[in-house]
Amino acid sequence: MAAPPDNDLLRAVGLHHAHHGSPVLTDVTLGVRAGEILAVTGPRAGGKTTLLHCLSGQLVPDTGEIWFDEMPVHSLTLSQRERFRREHLGWIDSEPHLVPELSAWENAALPLLLRGTPRRAAKAAAMEWLDRFDLGPLARKRPHALAYAQRQQVCVARAIAMEPAVILADEPTVALRRPGRAHALRTLTSAARSHDITVVIATSDADTASVADRTVRLSDGRADGEASDAPEQEGRAACSLSV
Ligand SMILES: Nc1ncnc2c1ncn2[C@@H]1O[C@H](COP(=O)(O)OP(=O)(O)OP(=O)(O)O)[C@@H](O)[C@H]1O
């Protein structure tokens with residue numbers, strides 16, 4: 001099986017998926033180049049979360065292909081897909097999901113610890129990003145002792161600290177109020193720029209989408225086209241989209 005002939009780091013080709021017989025994705029093809037920030041926008045129930053689940057290998061589409069570089073994610077076994085996520089992907093959900101028994105820093109360091117990074121190095125990486133959210137003094141607290149927004153910031157720090165190839169973020173800022181929302185997005189995008197992390201953000205919020213290099217709109221499971229085309233960033237190639 002040969003990878004599609006393009007330079008995308010992450011690519012979906014002809015995705016179709018139905019939940020209980022209802023089509024959710026219909027012939028969706030899109031690609032993201034290394035280091036690019038792509039926003040997937042559109043109305044609620046448009047299929048954004050389902051697309052992110054397919055891109056991350058959490059869900060195998062009914063038909064179609066997902067490629068990570070030259071790796072056919074759609075045809076990997078369950079354990080291979082878990083390994084793919086552990087090694088290459090950071091995930092930010094719309095709600096803060098943390099391990100309640102672990103402190104804030106241990107949660108932020110968890111992907112690194114699972115990869116076998118020595119505890120001291122994992123803690124240093126986690127603390128660097130917790131400090132960006134002014135959470136350093138709270139690093140030893142457990143999630144229940146943190147405010148809801150602070151827990152979401154720990155989740156953002158966790159995704160960045162592992163320096164993955166790709167971060168997939170599903171409505172990453174809905175849990176945050178406006179100033180915190182802007183700060184979280186700035187932190188995420190500056191981390192992506194400085195560490196060459198590819199980011200896909202699913203959002204129905206125009207302000208959140210505006211940080212992206214490129215926007216693709218999903219509506220009724222179809223990619224409508226490029227809703228906006230932000231000025232080309234230095235050294236960044238365009239995202240490709242075809243339906
Ligand atoms: N596991 C599931 N089982 C059944 N239906 C589902 C499942 N997941 C999603 N759906 C349905 O698929 C459609 C698309 O949902 P999806 O969450 O992918 O869209 P979305 O654009 O992310 O919407 P939202 O912003 O509301 O999360 C919706 O009608 C939703 O109810």
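Modeller: Welcome! A helix here is a DSSP run of H or I with at least four residues. The model is predicted, and Leu-55 has its place in helix α1.

Biologist: Thanks! Why is Leu-55 called buried?

Modeller: The cut-off is 20 or more other C-beta atoms within 10 Å. Leu-55 has 26 of them within 10 Å, so Leu-55 is buried.

Biologist: What makes Ile-66 a contact of Leu-55?

Modeller: Contact calls for C-beta atoms within 7 Å. Leaving aside neighbours within four places in sequence, the contacts of Leu-55 are Leu-10, Ala-12, Ile-66, Leu-168 and Val-200. As for C-alpha atoms, those of Leu-55 and Ile-66 are 6.3 Å apart, with the two residues 11 apart along the chain.

Biologist: How do you know that β1 and strand β4 pair?

Modeller: Pairing takes at least two bridges. Between β1 and β4 (residues 63-68) there are 5, so they pair, in the antiparallel sense. One of the bridges joins Leu-10 to Phe-68 in β4.

Biologist: And what makes strand β1 and strand β2 a pair?

Modeller: The same test of at least two bridges. Strand β1 (residues 10-19) and strand β2 (residues 22-32) share 7 bridges, so they are an antiparallel pair. Ala-18 stands opposite Pro-23 in β2. The two strands form a hairpin with 2 residues between them, and His-20 in the turn has a positive phi of about 50 degrees.

Biologist: Which residues are around the ligand?

Modeller: Among them are His-19, His-20, Lys-48, Thr-49 and Thr-50. Helix α1 (residues 48-55) gives the largest share of that shell, 3 residues.

Notes
Residues numbered from 1 in each chain as written. Predicted model: local features only at pLDDT ≥ 70, side-chain atom pairs only at ≥ 80, totals over all residues. Near = placed C-beta within 6 Å. Buried ≥ 20, exposed ≤ 12 C-beta atoms within 10 Å, placed from the backbone. Contact = placed C-beta atoms within 7 Å.
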